[in-house]
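Let's take a guided walk through a protein structure together. Please keep the sequence and the 3D view open as you read.

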Protein chains: 2
Amino acid sequence: MLSWVNGRPQDAVPVTDRGLSYGDGLFETILVASGQALGWALHMDRLARGCSALGLPPPPIDGLNADRAGLCAIGPDPAVLKIILTVGGTARGYARPDPFAWRRIVSLMPAPAWLRDDYESGIRVKWCRQLWFSDPDLAGIKHLNRLPQVRARAEWTDAGIAEGLMRDPEGRVIGGTMSNLFVIKDAVLATPNLTQCGIAGTMRARIMAIAHRLGWTVEETALSVMDCYRADELFVCNAVRGIRPIRQLESRMFRPGPVTRALQREFGFPWPVPEDAR
Amino acid sequence: MLSWVNGRPQDAVPVTDRGLSYGDGLFETILVASGQALGWALHMDRLARGCSALGLPPPPIDGLNADRAGLCAIGPDPAVLKIILTVGGTARGYARPDPFAWRRIVSLMPAPAWLRDDYESGIRVKWCRQLWFSDPDLAGIKHLNRLPQVRARAEWTDAGIAEGLMRDPEGRVIGGTMSNLFVIKDAVLATPNLTQCGIAGTMRARIMAIAHRLGWTVEETALSVMDCYRADELFVCNAVRGIRPIRQLESRMFRPGPVTRALQREFGFPWPVPEDAR
C-alpha cells in the first residue's frame, strides 16, 4: 500500500491526530481504473457536504487532486484510493486546534478481486441485529465515527455472506454496512431515505441520476423489512464493488431482474457484465 | 508529551489504524499525582465494560500497567495519562483483523493549570445546541466516536465559558461535553441516567460511592433543563479537573453549597480546596 500524508510519502500519523482521538474527520473510498478516479467529483462533493456538516472549512481539493494524480501515476491499477481527512492534532480536549490545518492521509492499494458470480448470480446477505441509530446532523456524510457499522460487520464470519443489512430503531431499512440498497417493485426503484442516519453513497447518487435520465421512477423513502421480501429485485451498490444483485436474503431467494441488469450494463467495466445482460 | 505505542517510545501510529479509520477503540484520561494514577481501577473497569460493549476481548491490563509504571517513572507530575486502545490495523473494510491484536497508545503530558477560582467561585457554563443522540449499545462507555462532543465544544470560543451542557433529543440533560453533571435539590443528589447516551465518568462513580457511604440520597434519573435552573447547587466533575461548582448557567447565578463543598473536601488534592471548605 502506498500512503501519503499531506502530500509526502509517509505511513504513519502522530498519536495526537484528532481522527484517532475522536473520529474528527471524514473519509472517501474511490475506485481507480485506467488511471481515472471514478466519480471523483461526487466524492469531492460529499467531502464538502461533510465538512459543512462538521462545521469545518471546505476540503483541500487542490491538495487532494495533487495526491490523487501523484499516487495514481505510481500505484497499481485498478486500485482503491482511500482519503482520510482529519482536523490535525491536539494533545487532549474536544476543542479544535486554532489555527486550523487539515491533515490529508491518502492511500492507494490494489483493487479487490471482483467475483464474476457476485455480479451474475448475486450475493447472499443477512439482517444485522445492530441498529443504525439516528443522528440527523451527521446523516448521509462519511465521517470517521463508524462503530455501528464495525459492530454490524462483526456479526458474521461466514465468507459466503457478502453484506449485512441494517435497520434504524423504528425498523426502517437503512442499507448495508458498506453499501446502499435499492429495492425494485413493479418497475419502481426505491432506496432508503437517509435523512436520519446512513451514508449517501456516490454510486447511489449515480444510479439515481441514471434512473432519472432514463425516465424511471425512483423514490427515496422509508422501506420496511417486508418491502424487501416482497421486492421483484434487490441490489446493493458502492463505489468500489459496483452493483451486486441480492440472490438470497436470509432464506428468501431472488433473481437478478431487468432493472438491475440495465444498471449494471450502464456501468460496465470494471465490474463484469453478466452474459445475459450483454 | 511522552508517548508509547505497545510499550515502546513512539509518537506515531500506522495510517491503517482502525482507531483512525473508524474510531474502533476506547480511551481513558487519567490524573497522575505523586506518582499515583488516581482511580486506576475504575478506569480499567470502564475499559473492560467498553471492550465488552464493542464485542472485543478484555483489555490488555498487564501491558497498560507496565505502560503506566514506565511513563510515570520518567514523566512530569502532576500529569495526565491518556490511554487509547485500538483494534490494530486493516487497510480497508469494516471487518476486524483476524488474528486480533490490541494497539496500546499511551501518552503522558503535564496536568492542566487548575484555576483556584474555578473551584472556589465556580465556573460559567452554557447549553449546547448539539444533541447527544441515543445509542444504548454504546452508552456509558468511552469509545473513540466522539463527533457530537467535538461539535458541541465548537459552539463557543469565549474563554470565560468552561463547559457546555448537552441534552438528548427528548430534552433530557445528559451532562457536559467532557464532564458529568450533578444537581442538588433539597439535599438530594441527582445525576443524569446514562442508559441511552453519555459517558459514565470515573469521578461520577467515585462521587456516587461517597454519597452512598455518607448515607446521602443519590439518584440516577432523567433531569430536565428546569431541574437545573431550580437546583440549590450544581457541579460538574471529571477525572482530570475534579469537582467544579457551576456559578453561572446562561444568565442564572448559583452559589456553591454545602454538598459540593463536602465532596470537594473529600477529594482534596490535587484540586485546590476552597478556603470556606477547609
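Predicted model: local features only at pLDDT ≥ 70, side-chain atom pairs only at ≥ 80, totals over all residues.

Start where chain A and chain B touch. Chain B brings 57 residues to the contact, and chain A brings 57 residues as well. Together the two chains bury an area of about 4400 Å², and carbon and sulfur atoms give 66% of that area. What kinds of residues line the side of chain B that touches chain A? They divide into 30 nonpolar, 15 polar and twelve charged residues.

Charged and polar groups also meet across this interface. There are two salt bridges between chain B and chain A. In one of them, B:Asp137 pairs with A:Arg151, and their closest N and O atoms are 3.6 Å apart. The rule also finds 13 residue pairs in polar contact across the interface.

Which parts of chain B give two or more residues to the side that touches chain A? Among them are strand 1 (2-5), strand 3 (12-14), helix 1 (18-22) and strand 4 (25-33) of chain B. Strand 6 (79-86), strand 7 (103-110) and helix 5 (147-153) of chain B belong to that list too. Helix 5 of chain B gives the most, with six residues.

The two chains also pair strand to strand. Strand 3 (residues 12-14) of chain A runs antiparallel to strand 3 of chain B, and three bridges join them. To find this place in the 3D view, look for A:Pro14, which stands opposite B:Ala12.

Now turn to the strands within chain B. Six of them form an open sheet, in the order 2-1-7-6-4-5, with antiparallel pairing. Which strands stand at the edges of this sheet? They are strand 2 (8-9) and strand 5 (36-37) of chain B. Each has a single partner strand, so one side of each is left without a neighbour in the sheet. Further in, strand 6 of chain B and strand 7 of chain B pair in the antiparallel sense over eight bridges. One pair to look for is B:Ile83 and its bridge partner in strand 7 of chain B, B:Val106.

Next, follow chain B along to strand 11 (residues 180-185). Is this strand mostly covered or mostly open? Strand 11 of chain B is mostly covered, with five of its six residues buried. Strand 11 of chain B pairs antiparallel with strand 14 (residues 233-238) of chain B through five bridges. There, B:Asn180 stands opposite B:Cys237. Strand 11 of chain B also runs antiparallel to strand 12 (residues 188-192) of chain B, joined by three bridges. In this pairing, the bridge partner of B:Lys185 is B:Val188. Strand 11 and strand 12 of chain B make a hairpin with two residues between the strands, and B:Asp186 in this hairpin takes a positive phi near 50°.

Finally, look at the salt bridges. Over all chains, the structure holds 30 of them. In chain A, A:Asp158 and A:Arg124 form one, with the closest N and O atoms 3.7 Å apart. Why does this pair tie together separate parts of the chain? A:Asp158 lies in the loop between helix 5 (147-153) and strand 9 (161-167) of chain A, while A:Arg124 lies in strand 8 (residues 123-131) of chain A, so the pair links parts that are 34 residues apart in sequence. A:Asp158 is partly exposed, with a relative accessible area of 37%, and A:Arg124 is partly exposed at 26%.

The side chains of B:Arg172 and B:Asp168 meet in a salt bridge at 2.7 Å, N to O. Here B:Arg172 is partly exposed, at 33% relative accessibility, whereas B:Asp168 is buried, at 2%. In the other example, B:Arg213 pairs with B:Glu266, the closest N and O atoms being 3.3 Å apart. B:Arg213 sits in helix 6 (residues 202-213) of chain B and B:Glu266 in helix 8 (residues 258-267) of chain B, so this pair ties together parts that are 53 residues apart in sequence. B:Arg213 is exposed, with a relative accessible area of 56%, and B:Glu266 is partly exposed, at 37%. Back in chain A, salt bridges that share partners join A:Arg18, A:Asp24 and A:Arg96 into one network.

Notes:
Residues numbered from 1 in each chain as written. Chains lettered and ligands numbered in written order. Heavy atoms only, no water. Contact = heavy atoms within 4.5 Å. Buried area = accessible area lost by both parts, 1.4 Å probe. Salt bridge = Lys/Arg side-chain N within 4 Å of Asp/Glu carboxyl O. Polar contact = N/O pair within 3.5 Å; in protein donor to acceptor, adjacent residues only side chain to side chain. Helix = DSSP H or I, 4+ residues; strand = E, 2+ residues; numbered from the N terminus. Nonpolar A, V, L, I, M, F, W, Y, C, P; charged D, E, K, R; others polar. Pairing = 2+ DSSP bridges. Buried < 20%, exposed > 50% of the residue type's maximum accessible area, 1.4 Å probe, protein only.
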